[in-house]
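I opened this structure without having seen it before. These are my notes on what I looked up.

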Amino acid sequence: MKERIVSGVILAVLIIGLGFAGSYPLWLMCLFCSLIGYMELTAVLCRSSSGKKNTSAPKWYSVPDLIAVPGFLLTAVYYAGLIYIEWKYGLVNQPDMIRVSDYWTMMMLTLDFLLTMVVYVYTFPRRRSSQATGAVMAFLYVPVMMAYVCRTRNLPHGIFLYLLIFICASVSDVCALAVGMAIGRHKLAPVLSPKKTIEGAIGGIAGSAVVSCLLALVVRQIEKGSDLTILFLIIGIIGSLIGQTGDLAASAIKRNNSIKDYGTLIPGHGGIMDRFDSIIFTAPVIYYLSFILSERL
C-alpha cells in the first residue's frame, strides 16, 4: 500500500507539472507512455497460441512480436506528425489544426492496418488473424487515444480541460470506491468486476460532476467573463461514465487473457494500461465534447 501511495503521489506531481508545461514535454511523455502501453497490450493480444499460457505481467521493455512492429514504429511517426501540426498551427486557427490532426490520425490508422496485414500475410501461417486484429486494435487503443491528452491541452482553456481528463478518471474512481463501500448493494458487472456496484458508479459520476463544477468556478475567477459551468458539468458526467467503461474494458481484456496486470513499470499500480485505462477512454471524449459544445453553451 505504501508503495502504491508513493507512486500515486509522484504520478500526480508529474501529471500536474506536465499539464502546466504543456507542448513538447507533454508530447514526449505521452509518446513514452504510448510506446510502453502499446507493447503491454500487444504482449497480451498478440501472444502466440503455442505453448503454455503465460499469466504473468509482461515486462515493459519486452521486444514486441513482429506483428506489432508496424504499430510500434508508427507510434513515433504519428506523434512526430502531431508535434509538427502543433508547431505549424498552434492555437491560431483551431478548426484547421483539428482537421489536419484528424486527417493525420486516419492516415496513420490506415497505414498501420495495411502494414500489419502485410506482416500477417507474409508470415502466414505462423501468425493468426487474431494477432493482426489485436495489433491494429492496440494502435487505436493506446497511441491514438492517448494523443488526445495532448490535443486537449492545446484547446482554448486547455489546462483546465486537461485537468478534467484526470478529474473524470481519478476523482470518479475514488468517489465510486467510497460510495460503493458505504452503500453499494447492486452489482454493476458481477462477472467482470464483482466489487463494483451501481451505487458506486452513480457516486463516481456525482463526484466527478461536483468537482468539475468547482473547477468551472475557479476558471471564472481566473478568466473573467468565462462561464464554463454547464460545459464542465456535461463533461464531468459523461467523462466519468466513459472512464468507468474504460476501466471495465481493460479489466475484460485482462480476464480474457488470465493476467492480473498489464505490466510492472509503476510500483503498486502495474503497467501503463493498468494506471491509464480510464484516461485513455476519457481524453478523446472530453476533446470532442469541449470542441463541439464550447460555442453552443
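Which residues make a nonpolar surface patch of about 280 Å²? I found Ile5, Val9 and Val13. The model is predicted, so I kept local features at pLDDT of at least 70 and side-chain atom pairs at pLDDT 80 or more, while totals for chains, interfaces and linings use all residues. I numbered residues from 1 along each chain as its sequence is written, and side-chain values use heavy atoms, with hydrogens and water left out.

**Entry on the patch.** A patch takes residues with over 30% relative accessible area and no salt bridge; like charges are joined within 9 Å, and nonpolar side chains (Val, Leu, Ile, Met, Phe, Trp, Tyr) within 5 Å. The accessible areas come from the Shrake-Rupley method with a 1.4 Å probe, and for residues only the protein chains shown count as cover. I looked up Val9 and found it in helix α1, residues 2–21. Helices (H or I, at least four residues) and strands (E, at least two) are DSSP runs numbered from the N terminus. Val9 has 47% relative accessibility and therefore counts as partly exposed. Buried means under 20% relative accessible area, exposed over 50%, and partly exposed in between (1.4 Å probe, protein chains only).

**Entry on salt bridges.** How many salt bridges does the structure hold? I noted six. The term needs a side-chain nitrogen of Lys or Arg within 4 Å of a carboxyl oxygen of Asp or Glu.

I looked at Asp65 and Arg127, whose side chains meet in a salt bridge at 2.9 Å, N to O. This pair links distant parts of the chain, 62 residues apart: Asp65 is in the loop between α2 (23–45) and α3 (69–89), and Arg127 in the loop between α4 (94–122) and α5 (129–153). Asp65 is partly exposed because its relative accessible area is 30%, whereas Arg127 counts as buried because its relative accessibility is 12%.

Next I took Lys196 and Asp247, which form a salt bridge at 2.8 Å, N to O. They too join distant parts of the chain, with Lys196 in strand β2 (residues 193–197) and Asp247 in helix α8 (residues 229–256), 51 residues apart. Lys196 is partly exposed at 24%, and Asp247 is buried at 16%.

I also checked Lys260 and Asp261, where the closest N and O atoms of the salt bridge are 3.9 Å apart. Lys260 is exposed at 67%; Asp261 is partly exposed at 22%.

**Entry on two helices.** How do α2 and α5 cross? Their axes come within 9 Å and cross at roughly 160 degrees. The axes are lines fitted to C-alpha atoms, for helices over the stretch in contact, with angles from 0 to 180 degrees between N-to-C directions. α2 is therefore roughly antiparallel to α5.

**Entry on loops.** Is Leu155 buried or exposed? Leu155 is buried, with a relative accessible area of 4%, and I found it in the loop between α5 and α6 (158–183). Leu155 and Tyr287 are 132 residues apart in sequence but 8.1 Å apart in space, C-alpha to C-alpha.

His157 is in the loop between α5 and α6. Its phi is near 60 degrees, a positive value in a residue other than glycine. I noted a positive phi for Ser258, near 55 degrees, in the loop between α8 and α9 (272–275).

Last, I looked up Pro125 in the loop between α4 and α5. The peptide bond from Phe124 to Pro125 is cis, with omega near 5 degrees.

Methods. Parallel < 35°, antiparallel > 145°, perpendicular 65-115°, else oblique.
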